[in-house]
Amino acid sequence: MTQHLNSFDRSQEISAAVDLRIMETTDLHVHLHPYDYYADCPDPDLGLARLAELIDHARHQVPNCLLFDNGDFLQGTPVGDFFAYDRGVRAGEVHPVIAAMNALRYDAITLGNHEFNYGLEFLMGSLSQAQFPTVSANILRKTGRGPLFDKHLFRPYRLLQRDVIDRAGQSKSICVGVIGVAPAQITVWERQHLDGRIQTRDMVDSVKAWVPEMREAGADIVVVLAHSGIGASQHTDLMENAVSPLARIEGVDLILCGHSHQVFPSPRFAGVPGVDVERGTIWGTPTVMSGFFGSHLGLVDMTLLQDGGKWHVVNTQVTTRALREASLHFAQPAPLEGLMPLRSPAVRRIVSSAHDAVLDKIRQPVGQSETAINSFFAYLGRNAATALVAHAQKEFVSDHLKDSPLGALPLLSAVSPAKVGGFGGARNFTNIDAGKMTLRALADLYVFPNRIAACRLSGADVLLWLERAASAFRQLEPGQDAQDLIDPAFPGYNFEIIYGLDYTIDLMSPARFGPDGREIDASYSRIKDVTLNGAPLDLDAEIILCTNSFRAQGAGGFAGTGFEGVVLEHPAITRDILSDYVRAHSPLNVSANSPFRLHADPGVSAILRTGVAAHSHLDLIADFEPEIQGIDKNGFLKLKLCMGEPQGH
């Protein structure tokens, strides 16, 4: 195992030190070109083609570098859908994201949960052309009696033998062990694709079992690629965000993480147990998380010395570099003599042809809309984007259940906004102008390749769905002015709006659930006055709820989900259902009104952060008396809202 400075003989010559730079990308989601396909305009703050320039620059600063990706690279933009559903990847051809990674000479990657969205065959075919290893210790063909006896989809770890140059110019050898893990919930979220074919194991248990073997096999340094976020510090079985307990495993030298689309180190994690934001460590283990969509490059710089056949860590420095700041701070260098040539031009060539083909596809018209459709005010109940998806879902499910006994049950439709700011940033909103609707607009409405599904729930389950979604809001205090309305820790994709009901969310009451879905207190209730067809919701009634395969199988921990409650699981992709609906009902006239109202005491005001383009649509929320408060440091438009006045509905 690598040892740290306090156990090392300080008399070693500093010229014998080795500078090793570990670089991370994560959650690329097929963002190759610096382009926002949903808005159909360039976006210089994202994309692997631009990130490749930062990678080139980082390699030319330090002679010894390794580059890893942490998963969720295969799905997430119309580029991914185009190569999975439309054009396909032809025999002998290389998927563009793999081709770009080959050009950048990645050293190893691991899998994220979204790698499985297009099915196992597509994933395996795409990776068959990779010129780098894929590691995954807890995604399995079959579980054994313990982690060391599992049959893996890919090898659990790899030992990378690398020649490194010390500060005196002398060549030395080091063995870097790299192991990968991802959330075990993959088999739940992608049950349609993986049921009976793939099994999973707890991430922490897997790493803990394999690290001693990696050390015994010769690993001088152990790197964990964890497609997992920074969550609770104590390990619980099958936890989704397990970086903190992973950091406490003996023998782990550093962690590259992701999944939650955040940046670490950053002030967001100040005060979290075990976290040292200044040093970039969790329980003393250097850790980095480099955003999403190619927004950042993660760096762990290590100074190593060798003594008695063992490598010792003298120092580590953890940083991230943002594309948004690249032009100011990280100018593109010229190639340096003796170092690897620049890779970014090759990456730009690779992604260019894919980019052009996708633009031709997404600009095809599918219908007309007489109204603008956006998600700027989804949290206020003024959201045509979710309303349109809800109508399309309900029509499809109704048609498929009408001849069954289930067709007589009440039918509701649940939708969460695909883009509603949050971790995705100030441009992460659906914004479709009135007029021609294209395939690009449909992708903007619904970004995930989920399939349509329906569950049979009780009225009590439905009420818990609403309570879970209502934890998006902060509890407002009486007499307080300009309080933040939304809890920034709440993921917008869990803000489920249920169409077919009428209900109120009481913002003066505490939330029953935390942002992560854990119940705080069962006696807390924010949901009031719930009616179905004009009558109070019967908590014992049976109800059919239209949703998607991801949610129906249990993602997000909503009540009544899981295999037993699913009554319809159709192979049709929600976006295709939406396309058919738009064609059939064009021209559209979609109301922005959602089924809920917000309640607060008189005189209470709150701040909503939304997209800058929302200023053109303030008429939708005129009853909140919006006052523009400027733009915050993250680029969000700040609106002061009067929350205690009666709202139109």
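Reader: Hi! Quick one to start: does Arg363 count as buried, exposed or partly exposed?

Author: Hello! This is a predicted model, and in it Arg363 counts as partly exposed, at 40% relative accessibility.

Reader: Thanks. Which residue does Arg363 form a salt bridge with?

Author: That would be Asp40, with the closest N and O atoms 3.0 Å apart. Arg363 sits in the loop between helix H10 (344-362) and strand E21 (365-369), and Asp40 in the loop between strand E3 (35-36) and strand E4 (41-42), so the pair ties together parts that are 323 residues apart in sequence.

Reader: Nice. And Asp40, what's its relative accessible area?

Author: Asp40 has 24%, which makes it partly exposed.

Reader: How many salt bridges does the structure hold?

Author: There are 28 of them. Among them is one between the side chains of Glu519 and Arg512, at 2.7 Å from N to O.

Reader: What about Arg518, which residue is its salt-bridge partner?

Author: Arg518 forms a salt bridge with Asp516, and their closest N and O atoms are 2.6 Å apart. Arg518 counts as exposed, with 55% relative accessibility, while Asp516 is partly exposed at 46%.

Reader: And which residues do shared partners join into one network?

Author: Arg191, Asp195 and Glu569 are joined that way, through salt bridges that share partners.

Reader: Changing topic: how many aromatic pairs turn up in a search of the whole structure?

Author: The search finds 18. One of them is Phe376 with Phe377, an edge-to-face pair at 6.4 Å centre to centre and 65° between the planes. Both Phe376 and Phe377 are buried.

Reader: What's the geometry of Trp465 and Phe558?

Author: Trp465 and Phe558 form a tilted pair, 4.8 Å centre to centre with 50° between the planes. This pair links distant parts of the chain, 93 residues apart: Trp465 is in helix H13 (residues 459-470) and Phe558 in the loop between helix H14 (549-552) and strand E33 (566-573). Trp465 is buried at 0% relative accessibility, and Phe558 is buried at 3%.

Reader: Which residues form one aromatic cluster?

Author: Tyr379, Phe473, Phe495, Tyr503 and Phe596 do.

Reader: Last one: which ring does the charged end of Arg248 sit over?

Author: The ring of Trp283, 3.9 Å from its centre. Arg145 also lies over the face of Phe149, at 3.7 Å from the ring centre.

Methods. Residues numbered from 1 in each chain as written. Predicted model: local features only at pLDDT ≥ 70, side-chain atom pairs only at ≥ 80, totals over all residues. Heavy atoms only, no water. Salt bridge = Lys/Arg side-chain N within 4 Å of Asp/Glu carboxyl O. Helix = DSSP H or I, 4+ residues; strand = E, 2+ residues; numbered from the N terminus. Buried < 20%, exposed > 50% of the residue type's maximum accessible area, 1.4 Å probe, protein only. Phe/Tyr/Trp six-rings, centres within 6.5 Å; stacked < 30°, edge-to-face > 60°. Lys NZ or Arg CZ within 6 Å of the ring centre and 35° of its normal.
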